[in-house]
Amino acid sequence: MSQYIVKEGVKNLIKPGEKLITTHCCYCGMQCGMHIRVNEKTGSVVGVEPRYDWPVTMGKMCPKGVTAYQTVEHKDRILKPLIKKNGKFVESSWEEAYDLIEKNFKKLQAEHGKDALSVFGGVSMTNEKCYLVGKYARVGLGTRYLDYNGRFCMSSAAGGALGTLGVDRGSTLPWPELEHSDCFFIAGSNTAECHPTSIQWFWKAKDKGAKLIVADPRETATARIADVHLDLKSGTDSALANGIMHLLVKEGYVDEDYVKNRCNNYEELKENVKYWTPDYTSQITGVAVEKIIKAAHIFGMSPRSVVMFARGVEQQSKGVDNVALYTSMALLRGQIGKFASGVATFTGQGNGQGGREHGQKADLLPGYRKLTDPKAVEYISGVWGIDPKDMPKPGVSAYEMFDEIQAGNIRGMHVICSNPAVSAPNSEYIWSGFKKLDFLVVSDFFLSETAEFADVVLPTTTWAEDEGTTTNLEGRVIRIRKVREPLGESKTDWEIMRDIAQRMGKGKHFEYENARQIFEEFRIATKGGVADYSGITWERIDKEDGVFWPCPSEDHPGTPTMFKEKFGTPDGRANLAVVDWKEPGEIPTEEYPHILTTGRVVFHYLSGNQTRRVDFLMEQCPVPFAEMHPDLATQYNLSNGDKVKLTTRRSEMTVEVKLTKAIRNDTVFVPYHWGKELSVNQLTNPCLDPKSRMPEFKVCAVKLEKA
């Protein structure tokens with residue numbers, strides 16, 4: 001007889017001989033709730049069921065989430081350590097692999113100093129693992145060269161939030177409140193494809209009369225349901241935000257009491273935006289004057305509004321400015337700290353929020369502490385049991401680590417849960433850096449494009465083979481549960497870091513037997529920090545369906561809504577952004593006359609190392625394409641399905657043409673989920689934001705030729 005799990009009146013069928021284990025998806029920051037089907041006899045993962053009572057996604061799942069379980073026991077899984085011998089990978093024992101790593105790591109540091117080694121982390125891991133990456137680099141290896149793939153994802157959102165609000169949390173409000181909002185201003189996010197399970201909240205709000213404004217160069221699936229589509233040129237977000245604020249001031253839409261009592265720089269902002277008339281804003285952005293005015297009126301008259309943004313805004317050489325200006329729009333309206341109102345960023349990676357808070361960034365320590373703060377160094381050194389004098393100084397950003405490789409300063413690297421051979425800009429420069437390294441170790445469960453450069457590849461577990469916590473895009477800390485035992489001889493990332501640290505003579509600092517022990521130390525490490533998790537326990541998470549940080553004690557309720565009374569700045573007041581528009585690092589020229597921009601499709605995730613192995617997802621989108629307007633294609637005698645050669649100042653690639661009128665006629669869009677000759681990041685511009693060090697993935701100059 002069949003058994004059932006009953007959740008809020010919804011029955012998830014359990015077949016005889018199976019059990020359901022409740023967890024969350026491994027992909028984006030939505031962290032959709034799910035139940036994984038497991039064969040009780042074999043322990044194998046056999047399917048998935050939606051979790052209808054998960055308050056953030058309410059049973060919704062995207063094509064990636066529905067098929068995520070298929071990667072757990074995939075035939076491409078690496079099941080034993082691999083050592084490159086005579087140019088080919090050979091399976092080895094863990095002992096042999098660790099011996100080789102220990103020998104080379106110690107040799108490089110003896111010859112070139114502690115900073116000869118580096119660690120490149122990732123945020124598709126649990127908080128426990130992300131926390132340990134920072135400790136592993138700074139204590140286990142003793143190097144200052146540490147950064148992570150979130151530098152390419154969320155760093156500008158972090159910089160913009162810190163500058164305006166004083167605290168970087170992806171959302172100032174819990175997402176179930178979105179249903180009660182009156183207006184959404186979404187910039188640089190194709191939400192319907194990149195975070196599709198969130199769209200339900202916008203529909204629910206629209207059914208109650210809410211309005212949707214979308215700023216995007218493409219008429220995406222999200223833009224098609226908008227009341228106003230602001231089809232701006234890539235790289236002009238700062239101009240658009242200043243233009244909207246010009247109208248908010250001029251038309252009397254500013255919440256003067258809120259701004260007077262809670263914000264700085266209002267007079268300076270008014271002076272700065274007075275030149276950004278609708279005509280001038282239209283001239284810079286390419287958006288029609290009527291659309292700009294309509295959007296400002298809708299936004300200005302809405303009692304409850306939410307400004308939301310994603311990589312389209314952030315992956316620019318002035319991404320921090322863009323985020324700060326869009327956030328200032330919400331501040332002028334007095335929306336932050338109130339019900340169903342505020343600002344939010346669509347977090348890209350599964351633990352993009354938690355992964356950047358606890359020590360993987362080049363200049364941060366756990367709890368969002370600054371590595372340049374002596375008191376922070378002293379506290380964390382105490383938690384880790386080291387002398388503060390032994391704490392390494394800040395390193396450099398992810399892309400700049402490859403500058404250090406080219407300069408001969410970094411000689412060895414350990415890449416953990418990341419694939420920069422695909423995800424970093426200016427790919428050929430990255431590839432040459434990997435080749436120049438004396439020794440490269442990669443931890444992954446598939447042989448990624450980065451792993452192909454490695455001297456040693458260490459087989460790790462998938463998300464379903466370990467337990468821990470992640471922090472979703474709201475700032476809600478949730479539980480990832482172990483679904484099955486590790487496949488083959490694979491080990492968890494934390495076990496690998498522990499083992500190598502022990503080999504490097506730092507074993508007494510890494511005496512962990514399970515993820516729970518790491519979490520308990522992690523709680524202590526965050527205590528008193530901006531991102532304080534010390535009051536969060538696994539039991540509370542299970543009981544309360546997640547706990548919002550900051551949560552400084554076990555009797556603290558957590559913080560679903562941020563900034564109700566004051567902001568995280570020294571004076572408790574928000575800093576309105578007084579920033580002008582700046583041109584992108586590259587603008588179209590006679591030789592490179594068009595704009596290239598990049599992004600995601602619904603069927604793939606990041607570098608595609610996982611999703612390109614799922615048959616259904618590859619059937620839906622097997623290769624990248626160049627999306628362009630028919631008017632642009634006509635200039636080059638291109639038809640739908642033709643091959644086009646795209647060339648930038650860095651490299652070239654050839655892809656298939658996909659014609660659509662849903663894009664500006666000066667812009668070409670290519671998704672970035674493929675590697676090697678199909679990687680659009682061969683073409684992208686590594687021009688960095690001066691504050692966040694985010695590369696400018698979203699704007700570069702390109703020329704087209706019929707292939």
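1. Arg 138 sits in helix α3, which spans residues 127–140; helices here (H or I, at least four residues) and strands (E, at least two) are DSSP runs, numbered from the N terminus. The model is a predicted one, in which local features need pLDDT of at least 70 and side-chain atom pairs count only at pLDDT 80 or more, while totals for chains, interfaces and linings use all residues. Residues are numbered from 1 along each chain as its sequence is written, and side-chain values use heavy atoms, with hydrogens and water left out.

2. Leaving aside neighbours within four places in sequence, Arg 138 is in contact (heavy atoms within 4.5 Å) with residues including Leu 146, Asp 363, Trp 384 and Pro 392.

3. Arg 523 lies in helix α20, residues 515–526, and is buried, with a relative accessible area of 11%. The side chain of Arg 523 makes polar contacts with the side chains of Glu 520 (2.9 Å) and Glu 554 (3.1 Å); a polar contact is a pair of N or O atoms within 3.5 Å, where, within protein, one must be able to donate a hydrogen and the other to accept it, and residues adjacent in sequence count only if both atoms are side-chain atoms. Although Arg 523 and Glu 128 are 395 residues apart along the chain, their C-alpha atoms are separated by 9.8 Å.

4. Asn 609 belongs to the loop between β25 (594–599) and α22 (615–620), and is buried, with a relative accessible area of 9%. The side chain of Asn 609 makes a polar contact with that of Asp 444 (3.4 Å).

5. The largest nonpolar core has 110 residues, and those with the most contacts inside it are Phe 105, Tyr 136, Phe 185 and Tyr 326; such a core is a set of buried Ala, Val, Leu, Ile, Met, Phe, Trp, Tyr and Cys residues joined through side-chain atoms within 4.5 Å. Helix α13 (residues 319–332) supplies the largest share of this core, eight residues.

Conventions:
Buried < 20%, exposed > 50% of the residue type's maximum accessible area, 1.4 Å probe, protein only.
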